Amino acid sequence: MSFVLHGIGVSGGIAIGRAQLVSHATLEVAHYSIAPEQVPAEVERLTQALREVQKELEGLHGAMTSGDAPAEFGAFLDVHWMILTDPTLSEAPKRTIAEQHCNAEWALTQQLGVLVEQFESIEDPYLRERKADVVQVVERVLKVLLGKRGGVPPPDAEEHTILVAHDLSPADVIQFKNHHFAAFLTDLGGVTSHTAIVARSLNVPAVVATHTARALIRENELLIVDGGRNVVIVNPDRAVLREYHLKQSELELERQKLKRLRTTPAKTLDGQQVELHANIELPEDLEQALENGATGVGLFRSEFLFLDRAGLPSEDEQFEAYRAVAAGMNGHPVTIRTFDLGADKHKEGLDGLTRVAPNPALGLRAVRFSLAEPRMFLTQLRAILRASQYGKVKILIPMLSSVGEIDQTLIMVAQAKQSLRDQGMEFDQGVEVGGMIEIPAAVLAIGAFTDRLDFLSIGTNDLIQYTLAVDRADDAVSQLYDPLHPAVLKLIAFAIASAKKAEVPIAVCGEMAGDLQFTRLLLGMGLTNFSMHPAHLLSIKQRVLASDASSARKLVDKMRRIDEPTKLVSLLERLNA
Ligand code: PEP
Ligand code: MG
C-alpha cells in the first residue's frame with residue numbers, strides 16, 4: 001500500500017531507495033525465543049559482553065590517569081563499574097534467559113526497565129539521577145551484544161539504502177559519515193538540531209519529525225524521500241516513481257550548472273564583495289568546502305571530532321586535526337570554534353561528569369563547560385594555537401553571555417600562549433579571538449563584546465532558540481521556531497549594525513546564512529560574511545550575484561520597524577522577487 005508521511009526536510013534533494021530500520025534506542029532491541037539447549041550459550045554471550053565492557057571501562061580508566069581528562073571523570077567511571085558489576089545488572093538477566101528462554105538483549109532491557117522504575121521512585125534527587133548512568137551502562141553492553149555501535153549498519157551498506165530511525169543523536173549521525181546512505185528519516189528532531197545539521201553535512205536528503213516513520217515503514221520497503229518538499233512516499237506507484245526519477249535528473253543538472261560558479265568572486269550587482277565561508281564538522285569536510293569554492297572556514301564545530309568515541313582527545317591528536325584544516329585551506333581563514341559540548345551534544349563519558357541538568361540548553365554548555373573544565377580548555381587552546389602556524393587560524397568561543405566569561409576566556413588564551421612560549425613552541429602571536437553571538441543578552445550588551453574581541457559570528461540557530469524560548473531540537477515546538485520573528489530580525493540587524501559601527505568584523509554562521517530566502521535580508525542588513533554548510537555555497541553565491549545590496553537595504557530598513565508577521569512575510573517576498 002502506498003502512503004505519504006510528512007515531516008521537516010532538513011536537507012534537500014530527492015532519494016529513492018529501500019528502507020533500513022535502525023534499532024538504536026535501547027527499547028528497540030529485538031525479542032526472540034531460544035531453544036532450551038541454547039540457554040547456556042546465550043548466558044555465555046551475555047557474560048562475554050559484560051566482560052568486554054568491563055575491559056573497556058578499565059581501558060578508559062587507564063587512559064584517564066595518563067591523559068588530560070578532568071578528575072571527576074574517574075569518579076564517573078567508578079560509578080559505571082559498580083553498576084556493571086552489581087548482581088542486579090549482571091546476574092538477574094541471566095536468570096531471565098534461563099527462565100524465559102529469550103535472547104540476552106531482551107533479558108538485559110527487561111532488567112533495565114525494573115531498575116529504572118526503582119530509581120524513579122527514589123526521593124533523593126541525586127540518587128534518582130543515577131538512572132541515567134544505569135541506562136548508559138546497559139547501552140554499552142547492548143552495543144557489544146549487537147556487535148556494532150549504536151545499531152548503525154556496516155559501512156558496506158548499499159548506496160540506495162534509506163535509514164529509518166526513531167531518533168538519532170548527533171554522535172550517531174557523525175558515524176554515518178563513513179557510510180553511503182541515500183537518505184535518512186527520523187520520527188523526532190527539529191530543523192536546526194545538531195542532528196539535522198550533521199545530516200545536512202552528509203549531503204543526502206533527510207526528513208525529521210515524521211512522528212511515525214519508524215513504526216509504519218517496514219524493512220526493505222521502497223521509499224522516495226523528498227527533502228525539499230518535506231515528504232516521504234512509501235511504496236510509490238509507477239507513475240510517481242517515474243516523476244521522481246525525472247525530478248532527480250533535473251536537480252542533478254541544476255547542480256552541474258552551479259558548479260561553474262566555483263571560482264567566480266561573490267559580488268552583488270552593486271559591487272559589494274561578499275565572503276562565503278564553509279561550516280565543517282570534520283577535517284574530511286574540507287574537500288567539499290573547496291569543491292564548492294569556499295574562501296574560508298567560518299565555523300569548524302570542533303566538538304564533532306570526538307563526539308562518537310569515549311574519552312577526551314589528547315593535545316597532539318587535536319593539534320593534528322586542526323593543523324590538517326589550517327593547512328588544507330591554503331592561507332584562507334580557518335575559524336576553529338572551541339568545544340560546544342552539552343545540551344544535545346553529549347560526549348560519551350562526559351555527560352556522566354555533571355549531574356543530569358534540569359534544562360541542558362540553559363545549563364553547563366559550550367564555553368560554560370570549557371571554563372568549568374580548565375584543563376580540557378587549556379589543552380584545546382594550546383592545540384589550536386600550535387596549529388596556527390600552518391595557516392590563518394582564528395579562535396571562536398561559543399555561547400558567550402557576559403563580560404566575565406569573555407575575560408576569563410582571554411585569560412585562558414593568554415595562559416595557553418605563555419605555556420607554549422615557556423616550552424619554546426611556536427604559534428601565530430596575532431591569533432584572533434572572536435565570540436559567537438547566540439544569546440540575546442550578548443546582542444543587547446554587544447559593546448562589551450566589540451571592545452574585547454577581534455571578531456564576532458552570529459549563531460542564528462541558538463539566537464532564535466534563546467530569543468523565542470523554543471528548543472531547537474524539539475519537534476513539538478518546531479512551528480514556533482521562526483527566523484522571521486520580528487524580535488529575531490531586530491536582534492540580528494542590531495548586532496550587525498553595532499559591529500560595523502565598532503569596526504569589528506561580523507559574520508553569520510547559523511543555518512540562516514545558507515538559506516536562500518534570507519540571503520537578501522542579511523545583505524540588506526549590511527552582512528558581508530556568510531558561513532554555511534558547503535552544499536549551499538554555490539546556490540547562495542548565485543543569489544548574491546543576482547542581488548542589489550543597496551536596494552535590499554531600503555526594504556530591510558522598513559522590515560526592522562515592523563512587528564506584524566504577515567507584513568514581514570509579504571515584504572520578504574518582495575525582497576526575494
Ligand atoms: C548556531 O547556534 O547558529 C551555530 C552556528 O552553532 P551550533 O549550530 O553549532 O549551535
Ligand atoms: Mg550555537
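## Ligand 1 surroundings

A residue counts as near a molecule if one of its heavy atoms lies within 4 Å of that molecule. In this predicted model, 17 residues surround ligand 1. The closest are Arg301, Arg337, Gly459, Asn461 and Arg472.

Three of these names return with atom-level distances. A polar side-chain atom of Arg472 sits 2.7 Å from an oxygen atom of ligand 1. For Asn461, a polar backbone atom is 2.8 Å from a ligand 1 oxygen. Gly459 also uses its backbone: an N or O atom there lies 3.4 Å from an oxygen atom of ligand 1.

## Describing helix pairs

Two packed helices are described by the angle between their axes and the distance between the axes.

## Helices α4 and α5

Helix α4 covers residues 92-100, and helix α5 covers residues 104-120. Their axes come within 8 Å and cross at roughly 125 degrees. That angle makes α4 oblique to α5. The crossing of α4 and α5 is right-handed.

On the α4 side, the contact is made by Ala92, Pro93, Thr96 and Ile97. Helix α5 supplies Ala104, Ala107, Leu108 and Gln111. The contact of α4 with α5 has 6 nonpolar residues, 2 polar and no charged.

## Helices α13 and α15

Helix α13 spans residues 315-328; helix α15 spans residues 374-387. The axes come within 8 Å, with a crossing angle of roughly 40 degrees. The handedness of the α13 and α15 crossing is right-handed.

Which residues of α13 meet α15? They are Glu315, Asp316, Gln318, Phe319, Tyr322, Arg323 and Ala326. Their partners in α15 are Thr379, Gln380, Arg382, Ala383, Ile384, Arg386 and Ala387. The residues of this contact between α13 and α15 divide into 6 nonpolar, 3 polar and 5 charged.

## Helices α21 and α22

Helix α21 runs over residues 516-524, and helix α22 over residues 537-545. Their axes come within 10 Å and cross at roughly 45 degrees. Angles from 65 to 115 degrees count as roughly perpendicular and those under 35 as roughly parallel, so α21 is oblique to α22. The crossing of α21 and α22 is right-handed.

Leu516, Thr519 and Arg520 make the contact from α21. From α22 come Ser539, Ile540, Arg543 and Val544. By class, the contact of α21 with α22 holds 3 nonpolar, 2 polar and 2 charged residues.

How values were computed:
Residues are numbered from 1 along each chain as its sequence is written. Chains are lettered from A and ligands numbered from 1 in the order in which they are written. This is a predicted model: local features need pLDDT of at least 70, side-chain atom pairs count only at pLDDT 80 or more; totals for chains, interfaces and linings use all residues. Side-chain values use heavy atoms; hydrogens and water are left out. Axes are lines fitted to C-alpha atoms, for helices over the stretch in contact, and angles run from 0 to 180 degrees between N-to-C directions. Helices (H or I, at least four residues) and strands (E, at least two) are DSSP runs, numbered from the N terminus. Angles under 35 degrees count as roughly parallel, over 145 as roughly antiparallel, 65 to 115 as roughly perpendicular and the rest as oblique. A crossing is left-handed if the near helix is turned anticlockwise from the far one by less than a right angle, and right-handed if clockwise. Contact means heavy atoms within 4.5 Å. Ala, Val, Leu, Ile, Met, Phe, Trp, Tyr, Cys and Pro count as nonpolar, Asp, Glu, Lys and Arg as charged, and the others, Gly among them, as polar. A polar contact is a pair of N or O atoms within 3.5 Å; within protein, one must be able to donate a hydrogen and the other to accept it, and residues adjacent in sequence count only if both atoms are side-chain atoms.
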